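Hi everyone, thanks for making time this morning. Please have the sequence and the 3D view open, and stop me whenever a word is new.

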Amino acid sequence: GQGMVAGDLVNTASRVQSVADPGTVLVGESTRRTTEQTVVYEEAGAFELKGKDGLVPLWKALRVVSGARGSLKSTGLEAPFVGRDRELRQIKDLFHASAEGRKAHLVSVTGIAGIGKSRLAWEFYKYFDGLPQLTYWHRGRCLAYGEGVTYWALADMVRMRCRIVEDEEPASALQKLSSTLEEHIADPEERRFVEPRVAQLLGLAEQEARDKHDLFAAWRLFFERLAETYPTVLAFEDMQWADESLLDFVEYRSNGHATPRST
Ligand SMILES: Nc1ncnc2c1ncn2[C@@H]1O[C@H](COP(=O)(O)OP(=O)(O)O)[C@@H](O)[C@H]1O
Ligand SMILES: [Mg+2]
């Protein structure tokens, strides 16, 4: 039968459809962010959409490269990965050592733009995605501009785990956070410690004047509890834009669990 859906997402979708050429798929920022592990996009430009203020940036879907548990994998349109066997192997080895030894490892990947840092992270993703063992993967990009972006990459990772989309209603986002914590943190007292501090990271709670290390302890505990269930990876991209505070956190938490990071 035919279902009916309504709401802002649908309205936006029909507006987006009105500017897309036949046979192409255009998506907005939040869709791109939540699906970019699976679909390769290119910038399609900014468009005026009815009922939306200003120009809305859209992305064109080019191809699907990976599915859940590696079910789709690369369609072969991606240029083959060459000349980085050793680097990839090092990351794989550290990943397994980390998971088996229950100990965090910090991997820094540095090099000029275009050298292949993100690609290395992507190849690693495809590797563990194909393993029978589940892995909790988190990816966050450091932003080069704007206010309040200090912990953006980290907030992105938490949103990813909680399945919160970027422009989600606060009430619904808080609900998702709460149920994610219930799933992974058994101790209610620990949850009471972690929840307001992670909510603060996501901009969902009063920005209380908390000591940095008090916040860090809660954020770290969140990822540590995840890592007790499955191997946990945090991939920070574009660390050249990271400020001191985020770097502090990355160093602080890497005295705990697995953390390949690419810059
Ligand atoms: N080892 C490699 N083999 C084949 N293509 C690569 C390799 N490394 C990078 N590329 C390609 O080069 C481009 C730039 O790489 P990228 O990982 O985005 O660079 P960076 O993150 O260092 O700026 C991408 O299209 C990527 O797929
Ligand atoms: Mg990159």
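Let's start with Arg197, which is buried, at a relative accessible area of 13%. Buried means under 20% relative accessible area, exposed means over 50%, and partly exposed is in between, using a 1.4 Å probe and protein chains only. Before I go on, this is a predicted model, where local features need pLDDT of at least 70 and side-chain atom pairs count only at pLDDT 80 or more, while totals for chains, interfaces and linings use all residues. Residues are numbered from 1 along each chain as its sequence is written, chains are lettered from A and ligands numbered from 1 in the order in which they are written, and side-chain values use heavy atoms, with hydrogens and water left out.

So, which residue does Arg197 meet in a salt bridge? The partner is Asp214, at 2.9 Å from N to O. A salt bridge here is a side-chain nitrogen of Lys or Arg within 4 Å of a carboxyl oxygen of Asp or Glu. Asp214 sits in helix H8 (residues 212-229) and Arg197 in helix H7 (residues 188-201), so this pair ties together parts that are 17 residues apart in sequence. Helices (H or I, at least four residues) and strands (E, at least two) are DSSP runs, numbered from the N terminus. Asp214 is partly exposed, with 23% relative accessibility.

How many salt bridges does the structure hold? There are 17. Another one joins Arg33 and Asp156 at 2.6 Å, N to O. Arg33 belongs to helix H2 and Asp156 to helix H5 (residues 152-162), so they connect parts 123 residues apart in sequence. Asp156 is buried, at 10%.

Now for the nonpolar side. A nonpolar core is a set of buried Ala, Val, Leu, Ile, Met, Phe, Trp, Tyr and Cys residues joined through side-chain atoms within 4.5 Å. The largest one has 34 residues, and Leu154, Trp219, Phe236 and Leu246 touch the most other members. H8 gives the largest share, eight residues. Take Leu154: leaving out residues up to four places away in sequence, its contacts (heavy atoms within 4.5 Å) include Leu201, Phe223 and Phe249. In soluble globular proteins, nonpolar side chains tend to be buried together.

Thanks, and I'm happy to take questions!
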